[in-house]
Amino acid sequence: MSHHTILITGGSAGIGAACAVMAAERGHDIILTYNSDRAGAEATAAAVKAAGQRAQIIRCDVGQPEQIDRMFSEIDPACPIHLVNNAGVVGPTASIADLTAERLTNIFAVNVVGAMLVAKGAVAHMRRCGQSGHIVNVSSAAARLGSGNQYVDYAATKGAIDTFTLGLADELAPEGIRVNAVRPGLIETEIHAKGGEPDRLARLSHMVPMRRSGSAQEVADAILWLLSDHSSYVTRALIDVTGGR
Ligand code: NAP
């Protein structure tokens with residue numbers, strides 16, 4: 001298992017924070033970014049350090065391209081990295097009549113343009129430092145469910161991430177950079193409350209074949225497998241972590 005540093009966007013909460021702690025427990029140093037939740041980022045960094053690894057915290061709103069450039073300028077150019085392209089947002093429940101240009105522009109700026117520019121920066125960093133790493137994009141089961149009457153905009157951003165994963169994997173395979181996506185289902189994080197639906201998991205869990213929601217750790221486990229040498233022949237895969245949904 002290579003011991004690259006793992007760059008995680010959105011490491012202040014949820015799935016990103018779980019990845020950071022689990023990766024540290026497996027011997028990786030962590031670079032974690034946050035947008036607004038400094039305390040969350042510091043709590044994640046403290047857990048990384050408690051596991052005996054180094055943690056660098058960088059503030060970066062991935063919806064602001066210049067902040068992505070600045071983030072990469074703060075990373076040691078000689079440091080080999082893997083990327084967990086995780087930062088993402090969901091809007092309040094909506095149907096088509098509720099969608100505005102502003103809402104669509106904002107969610108695509110973060111979930112799609114941001115994720116694509118972060119991946120671009122990570123590839124440039126890998127080429128500069130002369131060591132390939134791997135990339136996991138955090139998509140969603142929404143990409144294939146469509147999320148009608150909930151948030152078709154969010155689902156469409158994740159559909160874009162799936163397609164981006166396929167093309168980028170083809171582009172980078174000759175360089176030894178594997179690119180995969182994980183598509184979580186109903187996962188126990190604060191994202192549902194932030195989107196105005198704190199009871200979303202309780203309401204929908206019965207629709208999951210396994211009859212329960214998943215934990216952030218269960219998603220992190222799949223992400224870290226994709227970054228590890230245990231998945232050395234896996235690229236261009238979209239892996240569902242959904243309890244069968
Ligand atoms: P979460 O607990 O709300 O965490 C989201 C993370 O993304 C936070 O660290 C947040 O940072 C960061 N973030 C949000 N907007 C950002 C921005 N503009 N720039 C930089 N960072 C930003 O959500 P989560 O459930 O862990 O979600 C992580 C990923 O999993 C997302 O891509 C989400 O779409 C995907 N996902 C989640 C589920 C689920 O059921 N939970 C299901 C499918 C897919 P700050 O708080 O510091 O702003």
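**View 1. Helices α1 and α2 are roughly parallel to each other (a label for angles under 35 degrees; over 145 is roughly antiparallel, 65 to 115 roughly perpendicular, and the rest oblique).** What you see here is a predicted model, in which local features need pLDDT of at least 70 and side-chain atom pairs count only at pLDDT 80 or more, while totals for chains, interfaces and linings use all residues. Residues are numbered from 1 along each chain as its sequence is written, and side-chain values use heavy atoms, leaving out hydrogens and water. Helix α1 covers residues 14-25 and helix α2 residues 38-50; helices (H or I, at least four residues) and strands (E, at least two) are DSSP runs, numbered from the N terminus. Their axes come within 8 Å and cross at roughly 15 degrees. Axes are lines fitted to C-alpha atoms, for helices over the stretch in contact, and angles run from 0 to 180 degrees between N-to-C directions. Look for Ala17, Ala20, Val21 and Ala24 of α1, which meet Thr44, Ala47 and Val48 of α2. This contact (heavy atoms within 4.5 Å) has six nonpolar residues, one polar and no charged. Ala, Val, Leu, Ile, Met, Phe, Trp, Tyr, Cys and Pro count as nonpolar, Asp, Glu, Lys and Arg as charged, and the others, Gly among them, as polar.

**View 2. Helix α3 (residues 65-73) meets helix α4 at roughly 25 degrees.** The axes come within 10 Å, and α3 and α4 are therefore roughly parallel to each other. Here too you can find a right-handed crossing, with α3 passing α4. On the α3 side, Pro65, Ile68, Met71 and Phe72 make the contact, with Gly114, Leu117, Val118, Gly121, Ala122 and His125 on the α4 side. Seven of the contact residues are nonpolar, three are polar and none is charged.

**View 3. Helix α4 (residues 101-129) packs with helix α6 (residues 152-172).** Their axes lie 9 Å apart at an angle of about 20 degrees, and α4 passes α6 in a right-handed crossing. Among the contact residues are Ile107, Phe108 and Val123 of α4, and Tyr154, Ile161 and Phe164 of α6. The contact divides into 15 nonpolar, two polar and four charged residues.

**View 4. Around the ligand sit 32 residues (each with a heavy atom within 4 Å of it).** Which residues come closest? Ser12, Asn86, Tyr154, Thr189 and Lys194 do. Follow the backbone, too: a polar atom of Gly10 is 3.2 Å from a ligand oxygen, one of Val62 is 2.9 Å from a ligand nitrogen, and one of Ile187 is 2.9 Å from a ligand oxygen.

Methods:
Left-handed = near helix turned anticlockwise from the far one by under 90°. Polar contact = N/O pair within 3.5 Å; in protein donor to acceptor, adjacent residues only side chain to side chain.
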